[in-house]
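Try each task before you read its solution.

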Amino acid sequence: MTWPTPDTPLKIGTRGSPLALAQANETRDRLAQAFDLPFEAFQVVVIKTTGDRIIDRPLKEIGGKGLFTREIEEALSSGEIDIAVHSMKDMPTEQPGGLILDTYLPREDPHDAFVSPGGGTLADLGQGRTVGTSSLRRRAQVLHKRPDLQVVEFRGNVQTRMKKLGDGVADATFLAMAGLNRLKAQDIPRRPVPAEEMLPAVGQGAIGIERREDDAATADMLAAIHDTATGELLAAERAYLARLDGSCETPIAGLAEVSDGRLRLRGEILRPDGSEAHAGEIEGAVADGPDLGRRLAEDLLSRVEEGFFDWRTA
C-alpha cells in the first residue's frame, strides 16, 4: 500500500466536539490497525457545521436536514477531506450526489440515558419539574408521558449540558448511552432507559463513514473496517426513516435488533407537543430489513392525519 503515509495522510473530517473527535479517532485507530499503519498516516480535520455554530436557537428553528453534516459533506465533495465520520442519528437519509455512506463501525449501546443530579427516573421527577433537551423526539416523548413537566431548550455538547444541569437550568436531561460510553464518562450518573420506556433515535449509537463514490482506493480501505451486522440494522431503520421523511424537525424513534436470525424493528411517531403518539413493530428476515422498515412506516402513517409532524401547529 502506497497511501496513506505520514507525508500524504488520509484526511478524516469531523465535527469538533469531544464526542465527534472520539468517533474520528476510533475510525483512525481501526484503519491503522487493519493496515498496520502509524497514526501519523491519518489526519483528523475539524469542520464547524451550522448546528455547531448556531447554539442559541432550537434546532427546529434553524430547520432543514443536514444541520450537522452539510459543511463536512461539502469538504468531502471538494477533496478537502477523504472521508467524513458522522453520528448516524444526525444523518439525512439521502446523500449529496457523488457521495456514498456504506461503512459502519460496530454499534454502541443505542439507548437513551436519564441524567439527573437527584438520580431516579423520569417517573420520579416531581410535578412541574424541568427537563432539558434539544431533541424534538425526546421532548415529545417526555411530554407524552409527563405532560405536567416543563421542557426547556438544552443545546451543546455533553460537557455543556452537564454544566447547565449543575447550574440548575433543568432538573434532568437525556444523553445517549453510546456517547457517554465513548467518552468514558464514568463520572456522569446515568440510568439507561429501556427501549420499552423510550425508543431511541434512528441510528443512535452507530458511527457512519462517508466517502466519495468514485474513490476506489478509499472504498477498499473502508471495507476492511465495515461492520456488517450494524449495516443490516441501519438498512431497516433508515428505510423506515426515509419513508417517514424524517429530519431534525420531526419526532421519530426507531430501533432494529436481531435475535435468533430474525430482525425486529420497533417504531414510534409523535406530535411535537407530545399530545399524540403511535407505535408499532414488525419482524422478519434480516435480509428483508429495508422492506420491513418501509412497511412499518406505512403502518404508522396510515394512522395519522396530514400535518401530524408540524411543530408550528403543535
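A salt bridge here is a side-chain nitrogen of Lys or Arg within 4 Å of a carboxyl oxygen of Asp or Glu. This is a predicted model, in which local features need pLDDT of at least 70 and side-chain atom pairs count only at pLDDT 80 or more, while totals for chains, interfaces and linings use all residues. Residues are numbered from 1 along each chain as its sequence is written, and side-chain values use heavy atoms, with hydrogens and water left out.

**Exercise 1. The overall fold**

Task: find out how the radius of gyration of the chain agrees with that of a compact globule.

Solution: 
- Step 1. For 314 residues the rule gives a value near 20 Å, and the chain has 19 Å, so the two agree.
- Step 2. Now look at the extent: the C-alpha trace spans about 65 × 45 × 35 Å along its principal axes.
- Step 3. Count the secondary structure as DSSP runs, numbered from the N terminus, with helices being H or I of at least four residues and strands E of at least two. The chain has 10 helices and 13 strands.
- Step 4. Check burial, where buried means under 20% relative accessible area, exposed over 50%, and partly exposed in between (1.4 Å probe, protein chains only). Of the 314 residues, 54% are buried.

**Exercise 2. A network of charges**

Task: which residues are linked with Arg15 in a network of salt bridges?

Solution: 
- Step 1. Start from the total, which is 24 salt bridges.
- Step 2. Arg15 pairs with Asp90, their closest N and O atoms being 3.4 Å apart.
- Step 3. Arg15 sits in the loop between strand 1 (10-14) and helix 1 (18-35), and Asp90 in the loop between strand 3 (83-87) and strand 4 (99-104), so the bridge ties together parts 75 residues apart in sequence.
- Step 4. Both partners, Arg15 and Asp90, are buried.
- Step 5. Lys89 joins them, giving a network of Arg15, Lys89 and Asp90.

**Exercise 3. Two more bridges**

Solution: 
- Step 1. Glu237 forms a salt bridge with Arg107, with 2.8 Å between the closest N and O atoms.
- Step 2. Arg107 is in the loop between strand 4 and strand 5 (112-115) and Glu237 is in helix 9 (residues 228-244), so this pair ties together parts 130 residues apart in sequence.
- Step 3. Glu283 meets Arg262 in a salt bridge of 3.6 Å, N to O. Arg262 belongs to strand 12 (residues 262-270) and Glu283 to strand 13 (residues 277-285), 21 residues apart.

**Exercise 4. An arginine without a bridge**

Task: what surrounds Arg161, and which side chain of opposite charge is nearest?

Solution: 
- Step 1. Locate Arg161 in helix 6 (residues 158-166).
- Step 2. Arg161 is buried yet has no salt bridge.
- Step 3. Count Lys and Arg as positive and Asp and Glu as negative, leaving out His and the chain ends. The nearest side chain of opposite charge is Asp90, 8.3 Å away.
- Step 4. List the contacts (heavy atoms within 4.5 Å). Leaving aside neighbours within four places in sequence, Arg161 touches Arg138, Phe154, Arg155, Gly156, Phe174 and Leu175.

Conventions. The radius of gyration is taken over C-alpha atoms; the globule rule is 2.2 Å times the number of residues to the power 0.38.
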